[in-house]
Amino acid sequence: EHITVRQYSIGLFYGGLLVLMLFTAYLFVLFDRRHYLHLVGYQFCFLLTLLAFDGLAYEYIWPFSPWWANRAITFWGGLSCFWMAQLPRLFLQLEGREGFYPHLFERLALFAIVASILSFILNHALSVSLMMILMSVITLTQIVGSIKRRTLDSFKMTWFLVGHLLVFIGFITFWLMLDGYLPTQSLTRFS
């Protein structure tokens, strides 16, 4: 068969995500820190979200279930949001603290589970919009929460902020592509 450059680039992208997930799992085994396990959960769900969005999950993982293929994007997207909301509670050392942000992340995680369940009921377009809004809100909340939480090591905080700013820019770019404001190409699809 003829393999195109696009197929190679998609393979490199998903292979890189898989290697990153396996490396994070290795760090969890090595250091026994729960936030690595939460990161693996997020990476796994996000990988399945992207595979479902590209149609590769339907083609290779669940080829005989078109009903599930239509709902998998928003279901795994909701679970990605759940893990996204869990990670800062550990990383920003908010677990067991009182205040606005620890409870906000708990509520966002609960809302992500509800949104995942609603993906079986709601219209697909509405579910996708709900997931994109939820991912954007969680990412913005993580950015603001990390700025307010200044007691952490500045090196870790810098990379936490840079990473979440890049994730937020990627969500906005992807959302604009889905709504038709940006062209569908490799840069916008994998942003």
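A residue is called buried when its relative accessible area is under 20%, exposed when over 50%, and partly exposed in between (1.4 Å probe, protein chains only). The model is predicted, so local features need pLDDT of at least 70 and side-chain atom pairs count only at pLDDT 80 or more, while totals for chains, interfaces and linings use all residues. Residues are numbered from 1 along each chain as its sequence is written, and side-chain values use heavy atoms, with hydrogens and water left out.

The chain has 191 residues, of which 42% count as buried. It holds eight helices and zero strands. Here helices (H or I, at least four residues) and strands (E, at least two) are DSSP runs, numbered from the N terminus. The order of elements from the N terminus is α-α-α-α-α-α-α-α.

Helix H1 spans residues 5–31 and includes Tyr26. Tyr26 counts as partly exposed because its relative accessibility is 47%. Tyr26 also belongs to a nonpolar surface patch with Phe23, Leu30 and Phe31. Together these four residues have about 440 Å² of accessible area. Such areas come from the Shrake-Rupley method with a 1.4 Å probe; for residues, only the protein chains shown count as cover. Patch residues have over 30% relative accessible area and no salt bridge; like charges are joined within 9 Å, and nonpolar side chains (Val, Leu, Ile, Met, Phe, Trp, Tyr) within 5 Å. A salt bridge is a side-chain nitrogen of Lys or Arg within 4 Å of a carboxyl oxygen of Asp or Glu.

Asp32 lies in the loop between H1 and helix H2 (34–54). Its phi is positive, near 55°, although Asp32 is not glycine. Asp32 counts as exposed because its relative accessibility is 61%.

H4 bends by about 45° at Ala72. A bend is the angle between axes fitted to the seven residues ending at a residue and the seven starting there. H4 is mostly covered, with 20 of its 26 residues buried. Gln93, which follows H4, has a positive phi near 55°.

A disulfide is a pair of cysteine sulfur atoms within 2.5 Å. The count by this rule is zero. The sulfur of Cys45 is 10.0 Å from the closest cysteine sulfur, that of Cys81, so the two are too far apart for a bond. Cys45 counts as buried because its relative accessibility is 4%. Cys81 is also buried, at 0%.
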